Amino acid sequence: MSEERDRPFVAYTLSGVRQAVGHGATAPEIGDVEAIIKQDGGESRAQVYSEYVAGRLAAMVGVTVAAGVFVAHARGLRYASLKIAEVGFALTDIEAEHAAKTAARYPVEAANLAVFDAWICNADRAGNLRANLAQSTDNMLIGLDHGGSLLSVADTIDAALERLRRTDWPPGHLFRGMVDRRLLQPMIERIQSIPDEVIQDACILSGTVGSVMLTDQAILAEALAWRRDHLSEIVEHTRLAAKQAD
Ligand SMILES: Nc1ncnc2c1ncn2[C@@H]1O[C@H](COP(=O)(O)OP(=O)(O)O)[C@@H](O)[C@H]1O
Ligand SMILES: [Mg+2]
């Protein structure tokens, strides 16, 4: 029997000041959770929507990413990426120079994340990933920042939809050439088992988010179903698999 090892929970950062609610059996307090607040801009018109939906899709397939929520702002919805707490260990910001070391320590997680990125069309993983690379038993790898995927993979929603309908996009990945080919298959199969209706539920929200209208959301769901059906080919294109040693 293989031994299950404890993994630390992903936890978020609580700021110092808290105030008692004043009632409630569990002595609840009002407090602030820190977050990185993101908004749409000229070159990223669907960032808020794409961050939010990417988080839903990640949770659906079991890929660990920072949790996030919509926050209300006078000028419309923004996205709050909850700030990961590093208590008792330190996480490294994974850039290209750390990629090989990360893929070696976290082979399964790296493969899962890379296939997920291929599906959501995320070409922007370098610098948007945190992992514990220190000598410690706290194994943790967390994806961040999906504001360059889905409907914000290009400057405009139309251009993004065009890219989403291509099997040669994204053009590569942080873990290119570093993943054991056999580890790619389970996540490909997991994504390929998702029914159309479930993709639609994840993508089609209750209304417009910034400039992303319900029709755009429905077209994204179709594009993601198409990418699901072509996922093996898309993954092949990103050349994730390490060269096989004879
Ligand atoms: N949930 C989070 N927890 C901790 N740090 C974060 C989180 N989200 C973003 N960051 C930090 O903020 C930086 C910028 O955020 P990011 O979402 O990548 O925005 P940008 O679109 O500017 O790249 C990241 O490189 C990361 O260091
Ligand atoms: Mg970033």
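V48 belongs to helix α1, which spans residues 47–61, where helices (H or I, at least four residues) and strands (E, at least two) are DSSP runs numbered from the N terminus. V48 is buried, with a relative accessible area of 0%; buried denotes under 20% relative accessible area, exposed over 50%, and partly exposed the range in between, with a 1.4 Å probe and protein chains only. Between V48 and F70, which are 22 residues apart in sequence, the C-alpha to C-alpha distance is 8.0 Å. The model is predicted, so that local features need pLDDT of at least 70 and side-chain atom pairs count only at pLDDT 80 or more, whereas totals for chains, interfaces and linings use all residues. Residues are numbered from 1 along each chain as its sequence is written, chains are lettered from A and ligands numbered from 1 in the order in which they are written, and side-chain values use heavy atoms, with hydrogens and water left out.

Since N128 lies in the loop between α3 (107–120) and β7 (129–131), and D145 in the loop between β8 (141–143) and α4 (157–164), the pair ties together parts that are 17 residues apart in sequence. N128 is itself buried, with a relative accessible area of 10%.

Of the 14 residues of α3, 11 are buried, so that this helix is largely enclosed by the rest of the structure; among them are F116, W119 and I120. After α3 comes C121, whose phi is positive, near 65°.

Ligand 1 is surrounded by 14 residues, of which the closest are K38, S81, L82, R130 and D145, a residue being counted if one of its heavy atoms lies within 4 Å of the molecule. A backbone N or O atom of L82 lies 2.6 Å from a nitrogen atom of ligand 1, while a polar side-chain atom of N128 lies 2.9 Å from an oxygen atom of ligand 1. For R130, an N or O atom in the side chain is 2.7 Å from an oxygen atom of ligand 1. On its own, ligand 1 has 540 Å² of accessible area, of which the protein covers 68%, as given by the Shrake-Rupley method with a 1.4 Å probe. The elements that give two or more residues to the shell around ligand 1 are β3 (35–38) and β5 (78–82).

Technical notes
A polar contact is a pair of N or O atoms within 3.5 Å; within protein, one must be able to donate a hydrogen and the other to accept it, and residues adjacent in sequence count only if both atoms are side-chain atoms.
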